[in-house]
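Dear colleague,

Please find the structure for your review directly below.

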Amino acid sequence: MARWVFDVLVTLVVMASGVSSSGHHQAHPQPIAVIVVVLAGAPLLVRRRWPIPVFAVVGALDAGAAFWGHGHPVNGLALLVAVYTVAVLRPRRDALVCAGLLELIIVIGLLLFAGGDWWYDAIFASGMVAAALGLGLYLATRRAYLAELHDRAERLERERDQQGALAAAAELAGI
């Protein structure tokens, strides 16, 4: 239940962020931009269940909106959350492929629409993708490490109980 509430809150924050960034150059955001923000943010509700399809849907909607809107990304935070989720829940290879695809889309979009100073934005966007990927991979590694420690502690406890039972049986046999 707590995870579902957290996912709803993350989705709402991502949508609010997208609405505010889509209206950056205007007093009021365009209705189509708000619809795309909602469509790109809604899949984040099921990101834990289907991380790669959610990344694909969010990426396709945001890339389409960016190319349709002449280079103004609609909701980059949704993409970062999707990459982070893939890095946490899927194997490292899947996370690296998704992050690489996102980097490719970002560089192509910046080359097409940013003009001569595209590399400033590329450095910033690449840093954000690397941060989301790195944080997700770190959390996945930490979870695996803690699970291994938990399994080891349970195994040692079982061995201790078995050795105690064997010692008690040996003592009874000696009496």
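**Salt bridges**

The count comes to 5 salt bridges, a salt bridge being a side-chain nitrogen of Lys or Arg within 4 Å of a carboxyl oxygen of Asp or Glu. Please note that this is a predicted model, in which local features need pLDDT of at least 70 and side-chain atom pairs count only at pLDDT 80 or more, while totals for chains, interfaces and linings use all residues. Residues are numbered from 1 along each chain as its sequence is written, and side-chain values use heavy atoms, with hydrogens and water left out.

One of the salt bridges joins the side chains of Arg 48 and Asp 7, at 3.0 Å from N to O. This pair links distant parts of the chain, 41 residues apart: Arg 48 lies in the loop between α2 (31-41) and α3 (51-68), and Asp 7 in helix α1 (residues 2-22). Helices here are DSSP runs (H or I, at least four residues), numbered from the N terminus. Asp 7 is buried, with a relative accessible area of 4%, whereas Arg 48 is partly exposed at 29%. In these terms, buried means under 20% relative accessible area, exposed over 50%, and partly exposed in between (1.4 Å probe, protein chains only). Asp 7 and Arg 48 also belong to a network of salt bridges that includes Arg 47.

Two further salt bridges may be described. Arg 93 and Asp 94 meet at 3.9 Å, N to O; Arg 93 is exposed at 64% relative accessibility, and Asp 94 is buried at 13%. In the salt bridge of Arg 160 with Asp 161, the closest N and O atoms are 3.6 Å apart. Arg 160 is exposed at 54%, while Asp 161 is partly exposed at 43%.

**Surface charge**

Which residues gather in a patch of negative charge on the surface? They are Glu 148, Asp 151, Glu 154 and Glu 157. Patches are made of residues with over 30% relative accessible area and no salt bridge, like charges being joined within 9 Å; Asp and Glu count as negative. Asp 151 is found in helix α6 (residues 118-174) and is partly exposed, at 39% relative accessibility.

**Aromatic rings**

The structure holds 1 aromatic pair. Trp 119 and Tyr 120 form this pair, which is stacked, with 4.3 Å from centre to centre and 25° between the planes. Rings pair if their centres lie within 6.5 Å, and planes under 30 degrees apart count as stacked. Trp 119 is partly exposed, at 42% relative accessibility.

With kind regards

Technical notes. Patch = residues over 30% accessible without salt bridge, like charges linked within 9 Å, V, L, I, M, F, W, Y side chains within 5 Å. Areas by Shrake-Rupley, 256 points an atom, 1.4 Å probe, with all protein chains shown as cover. Charge placed at Lys NZ, Arg CZ, Asp CG, Glu CD. Helix = DSSP H or I, 4+ residues; strand = E, 2+ residues; numbered from the N terminus. Phe/Tyr/Trp six-rings, centres within 6.5 Å; stacked < 30°, edge-to-face > 60°.
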